[in-house]
Amino acid sequence: AAEPAARGADEGVRAEAARARRLGHGAMLGGFGGSIVFNSLVVYPGTKWILSAKKSVPSLRRRKALAILFLAMVGLLSVGMDLIQVLDDRNLFRNLQVSRTAEDRDVRTAYQRLAKELHPDRNLDNPDAQEAFVNMKESYDILANPAARDVYDRWGFDGLRWLLRDEDVLSQGLFQLGITYVIWFAITILITVQSSNTNSRTISIAGLSLMLAVDLHMKTGNFGLVVPFAPHLASYQISKLLLTMYPT
């Protein structure tokens with residue numbers, strides 16, 4: 001039984017990796033680059049302009065309050081938009097209608113139930129039935145395999161491609177994670193280098209360091225966050241949300 005299961009997981013990994021390449025799930029620079037541009041051209045200059053508007057708002061306390069309000073509004077908007085995108089992303093746990101922390105028997109039970117519900121022979125009037133059934137089956141092939149499931153949860157579709165190519169998933173993942181945080185640290189230093197208030201840089205770097213520690217723990221340890229209203233979100237998706245929240 002172990003050999004067919006492993007073969008099924010391998011087929012599922014191949015299918016998902018191919019689909020991810022077509023849909024661009026592995027592209028990190030798209031949303032990440034947009035976030036960098038948005039924060040560099042809008043968030044930080046806007047905050048600086050509010051704090052320096054002495055003629056319009058003479059009170060420093062009021063300028064700080066307005067800056068905090070501006071950051072809160074931008075942060076909520078940014079997090080909301082990214083949350084919508086993450087929730088709409090292809091998710092193997094959601095395909096199988098289980099939470100990220102579901103037990104193996106729950107995954108198997110969900111598959112048996114959905115295999116009956118989504119089988120094309122029982123949905124002859126639905127032209128998308130075949131595709132829905134295949135997607136669900138490919139998701140099960142991966143989630144039913146502990147190694148593939150763990151790689152997907154921590155590193156997403158990038159991890160499945162690394163696994164498919166027999167690459168060292170942990171090394172590749174840490175390298176990608178390192179690049180992301182090095183860029184953010186560099187941007188933080190560059191943006192705050194002209195700031196007369198050294199506390200802003202200290203607080204920003206401390207917050208980013210804390211997020212890096214949490215992210216590393218999620219990617220390499222047994223610690224995992226669960227979003228109550230979206231329990232199907234994988235760890236790599238929660239990591240994306242954390243990075244979205246950082247500039248706020």
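Because the model is predicted, local features were required to have a pLDDT of at least 70 and side-chain atom pairs were counted only at pLDDT 80 or more, whereas totals for chains, interfaces and linings use all residues. Residues are numbered from 1 along each chain as its sequence is written, and side-chain values rest on heavy atoms, with hydrogens and water left out.

The secondary structure comprises 10 helices and zero strands, where helices (H or I, at least four residues) and strands (E, at least two) are DSSP runs numbered from the N terminus. Of the 248 residues in the chain, 40% are classed as buried; buried here means under 20% relative accessible area, exposed means over 50%, and partly exposed lies in between (1.4 Å probe, protein chains only). Among contacts with a separation of 6 or more, 65% join residues 24 or more positions apart, a contact being defined as heavy atoms within 4.5 Å.

The largest nonpolar core contains 21 residues, the term denoting a set of buried Ala, Val, Leu, Ile, Met, Phe, Trp, Tyr and Cys residues joined through side-chain atoms within 4.5 Å. Helices α4 (92–95), α5 (104–118), α6 (129–143) and α7 (146–164) each contribute at least two residues to this core. Leucine 96 is listed with those that have the most contacts inside the core, and, when neighbours within four places in sequence are set aside, leucine 96 is in contact with Val107, Ala110, Tyr111, Leu114, Met136, Tyr140 and Leu143.

Aspartate 215, which is placed in helix α9 (residues 198–220), is buried, with a relative accessible area of 0%. Beyond residues up to four places away in sequence, aspartate 215 touches Leu177, Tyr181 and Ser239. The side chains of aspartate 215 and serine 239 are joined by a polar contact of 2.8 Å, that is, a pair of N or O atoms within 3.5 Å, of which, within protein, one must be able to donate a hydrogen and the other to accept it, with residues adjacent in sequence counting only if both atoms are side-chain atoms.

The accessible surface of the chain amounts to about 14,400 Å², 61% of which belongs to carbon and sulfur atoms, as computed by the Shrake-Rupley method with a 1.4 Å probe, with only the protein chains shown counting as cover for residues. On this surface, Val37, Leu41 and Val42 form a nonpolar patch with about 270 Å² of accessible area together; patches consist of residues with over 30% relative accessible area and no salt bridge, like charges being joined within 9 Å and nonpolar side chains (Val, Leu, Ile, Met, Phe, Trp, Tyr) within 5 Å. Leucine 41, in helix α2 (residues 29–52), is exposed at 65% relative accessible area.

The structure holds eight salt bridges, each being a side-chain nitrogen of Lys or Arg within 4 Å of a carboxyl oxygen of Asp or Glu. One of them joins arginine 149 and aspartate 104 (3.7 Å, N to O); arginine 149 lies in helix α7 and aspartate 104 in helix α5, so this pair ties together parts that are 45 residues apart in sequence. Arginine 149 counts as buried at 11% relative accessibility, whereas aspartate 104 counts as partly exposed at 49%. Glutamate 117 and arginine 113 form a salt bridge at 3.5 Å between the closest N and O atoms, and both lie in helix α5, four residues apart, about one turn of the helix.
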